[in-house]
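Thanks for making time. I will go through one structure, chain by chain, and then stop at a few backbone details.

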Amino acid sequence: MVFRQLPARVVPHESNAARDILAALALKAALLIALYAFFFNPAHRPASDAAQTANAVVGTQSAKDGP
Amino acid sequence: MNPSHLVDLSRLQFAVTAMYHFLFVPLTLGLSILVAIMESVFVMTGRTIWREMTRFWGILFGINFAMGVATGITMEFQFGTNWAYYSHYVGDIFGVPLAIEGLMAFFLEGTFIGLFFFGWDRLSRRQHLIVTWLVAIGSNLSALWILIANAWMQNPTGAHFNSTTMRMELDSIRDVIFNPVAQSKFVHTVSAGYVTGAIFVLAVSAWYLLKGRHIEFAKRSATVALSFGLAAALSVVVLGDESGYTVTEHQKMKLAAIESEWHTEPAPAAFTIFGLPDMATHETHARVQIPWMLGLIATRSTDTEVPGIYELVEHAKERITNGIPAATALRTLRQHPDDLAARQTLKDHAEDLGYALLLRKYADDPSQATTAQIDQAAWDTVPSVAPIFWSFRVMVGLGFFFIGLFAIGFYLAARRRVAQSRTFLKVALWTLPLPWIAAEMGWFVAEHGRQPWSIEGVLPTFLAVSPIPVSSVAISLAGFILFYTVLAVIDVYLLKKYVKLGPGTNSPSDDFSADAAVGPEPAALRH
């Protein structure tokens with residue numbers, strides 16, 4: 001049995017809600033893309049390989065026995 | 001070394017995004033289950049009023065879901081940009097549950113939410129009900145994986161440190177998934193979400209009843225919210241106790257800070273209901289205590305002590321001292337990877353490497369640290385006591401208030417008197433913001449109480465931050481605040497708009513006369 005076989009009772013706000021939700025999602029996507037583009041794209045990410053992490057965490061560059 | 005204001009600003013940015021994100025999450029968790037319960041009743045009874053309830057609360061769930069979805073992604077942006085060393089050091093483990101969440105739970109939830117909204121005329125009743133439950137299960141699974149990741153930060157288990165790759169590497173995914181902190185945190189958090197959903201439904205229903213609108217609809221919605229909410233509120237307290245017990249096991253300093261317990265008391269320790277913690281003098285003024293209660297809650301025994309802050313600081317000093325050879329060995333291994341003696345030293349002292357790293361705030365080379373610097377680093381393991389102490393008490397106080405509210409409402413509902421009790425309805429309406437306050441307080445206790453660690457006992461927060469310009473963090477923080485404020489305003493606006501429009505037609509009393517043909521409604525569902 002499908003729902004349309006039940007006594008019909010339209011929920012008039014669902015279509016409006018779908019429109020509002022889609023508009024809000026579009027705005028959100030635009031804002032997220034803007035944030036990513038301005039602040040968080042790969043160009044803004046510092047490199048973090050093993051050597052750089054070691055230097056940051058344990059300070060290997062200044063080690064007395066360093067090269 | 002990163003300047004402290006860069007660390008503070010990066011922490012603030014992460015905290016702001018996490019706390020904004022968590023405005024949406026608990027309502028999604030709670031409403032998804034409530035909608036599934038309502039639709040189950042519809043399928044069982046065939047009464048259209050329950051379908052109407054499912055569709056109406058489903059719209060509100062959809063609005064909140066749409067506004068909340070992907071708001072957590074901004075935290076993942078930050079891992080790469082602001083927390084590059086954190087990402088390198090622990091990303092191999094921390095990223096696993098996050099990836100599973102995206103691939104499994106989020107797609108399950110995202111796919112079936114589409115079917116929920118657009119499948120009413122295309123699916124059978126039972127098929128649609130299954131879809132609705134899958135949306136609810138997907139939401140909860142999402143929370144599970146995120147909390148597994150978070151729990152690993154509180155209790156890093158199932159991993160070891162590799163000095164060559166400078167990464168924590170996974171030993172056992174089973175240990176990560178079945179981390180006891182994850183299990184207790186998950187059930188406590190989703191229960192808090194259920195309470196939030198129940199209070200939302202109750203408050204909106206109370207508003208309709210106070211306005212004399214959609215009476216039959218609102219009475220049934222309130223009954224579901226009260227029954228579900230009472231069970232959820234009781235669960236929050238019971239499961240919160242379990243969550244607290246795991247803190248006792250794995251994060252003793254956090255527990256001591258929550259209790260503002262500066263010195264170890266004889267077992268069983270008393271619970272401080274009220275006090276004024278003073279970080280300068282290391283005292284708690286005007287203490288009001290309940291004997292035995294902390295000992296019983298935290299250790300579930302009468303003869304086990306709950307260590308105080310001073311004792312834990314002494315313990316931290318020992319671990320820092322024991323960790324210094326590991327830090328020295330790691331520095332050596334970075335220059336001479338084949339040094340077997342250094343490798344063995346690192347292995348022997350690996351458990352305390354993280355503690356030695358606390359010294360990096362004061363000494364470039366931990367082995368050169370003075371006794372005074374070791375003392376300072378040990379005291380750094382104490383988080384700010386007063387905010388944690390008070391946040392915890394606000395959260396717990398609200399938790400007990402919710403139990404009282406739901407219990408009174410449940411009693412009124414059982415006597416068919418909810419709609420007539422205007423005082424109760426007004427209190428229920430004004431309770432609406434409180435579950436969010438409780439949930440945010442809970443997160444604050446969990447995360448601020450973890451400081452100074454990004455990963456408990458492994459990686460201090462100040463070493464996890466990327467060396468990026470402070471101005472960049474400040475500007476992106478402003479961008480985040482704008483972004484989330486816009487989303488929150490739209491969320492509240494849309495929820496308010498559709499609550500005001502109400503279910504179906506906007507007539508004062510809804511016509512569900514067709515339901516009479518279905519037969520009498522079960523007494524438990526009727527008012």
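Before the first residue, a word on how elements are named: helices, of at least four residues, and strands, of at least two, are DSSP runs numbered from the N terminus. One caution as well: what you see is a predicted model.

With that naming, take B:His214. This residue sits in the loop of chain B that runs between helix H7, residues 180–211, and helix H8, residues 215–250. Its phi is positive, about 50 degrees, although B:His214 is not a glycine. Is B:His214 buried or exposed? It counts as buried, because 27 C-beta neighbours fall inside 10 Å, and the cut-off for buried is 20 or more.

B:Ser260 makes a second case. Here too phi is positive in a residue other than glycine, with a value near 50 degrees. B:Ser260 belongs to the loop between H9 and E3 of chain B. It is buried, because 25 other C-beta atoms lie within 10 Å.

That loop, between helix H9 (252–259) and strand E3 (271–278) of chain B, also holds B:Pro268. The peptide bond joining B:Ala267 and B:Pro268 is cis, with omega about -5 degrees. Another cis bond runs from B:Gln451 to B:Pro452, where omega is near 15 degrees. B:Pro452 is in the loop that separates helix H17 (434–448) from strand E5 (453–455) of chain B.

Strand E1 of chain B, residues 159–162, and strand E2 of chain B, residues 167–170, run antiparallel and are joined by four bridges. Across from B:Asn162 stands B:Arg167 in E2(B). Four residues lie between the strands of this hairpin, and B:Met166 there has a positive phi near 55 degrees.

Now the domains of chain B. The assignment gives domain 1, made of 4–251 + 383–504, and domain 2, covering 309–379. How far apart are the C-alpha centres of domain 1 and domain 2 of chain B? They lie 38 Å apart. In the contact, domain 1 of chain B takes part with ten residues and domain 2 of chain B with twelve residues. On the domain 1 side, strand E6 (459–460) and helix H18 (461–464) of chain B are the elements that give two or more residues. By class, that side has seven nonpolar and three polar residues, and no charged ones.

Next, the packing. The largest nonpolar core has 170 residues, and those touching the most other members are B:Leu34, B:Met38, B:Trp57, B:Ala198, B:Leu202 and B:Ile320. Which element gives the most to this core? Helix H1 of chain B, residues 4–45, does, with 21 residues. The core takes at least three residues from each of domain 1 and domain 2 of chain B. To look at one member, B:Leu202 has among its contacts B:Ala222, B:Ala225, B:Leu226 and B:Gly229, and also B:Gly409 and B:Ala428, leaving out residues up to four places away in sequence.

That leaves chain A. It has two helices and zero strands. Of its 67 residues, 22% count as buried. Its contact with chain B involves 42 residues of chain A and 52 residues of chain B. On the chain A side, helix H1 (13–40) and helix H2 (50–58) of chain A each supply at least two residues. The largest share, 16 residues, comes from H1(A). That side of chain A has 27 nonpolar, eight polar and seven charged residues.

A:Pro46 is partly exposed, because 14 other C-beta atoms lie within 10 Å.

Last, confidence. Chain A averages a pLDDT of 74, and 72% of the residues score at least 70. Over residues 1–10 of chain A the pLDDT is below 50, and this stretch has 15 contacts in the model beyond near neighbours in sequence. Residues 62–67 of chain A also stay under 50, with ten contacts beyond four places in sequence. Where pLDDT is low, the predicted coordinates should not be read in detail.

Technical notes: Residues numbered from 1 in each chain as written. Chains lettered and ligands numbered in written order. Predicted model: local features only at pLDDT ≥ 70, side-chain atom pairs only at ≥ 80, totals over all residues. Core = buried A, V, L, I, M, F, W, Y, C linked by C-beta atoms within 7 Å. Buried ≥ 20, exposed ≤ 12 C-beta atoms within 10 Å, placed from the backbone. Domains from an automatic or database assignment. Contact = placed C-beta atoms within 7 Å. Nonpolar A, V, L, I, M, F, W, Y, C, P; charged D, E, K, R; others polar. pLDDT = per-residue confidence, 0-100. Pairing = 2+ DSSP bridges.
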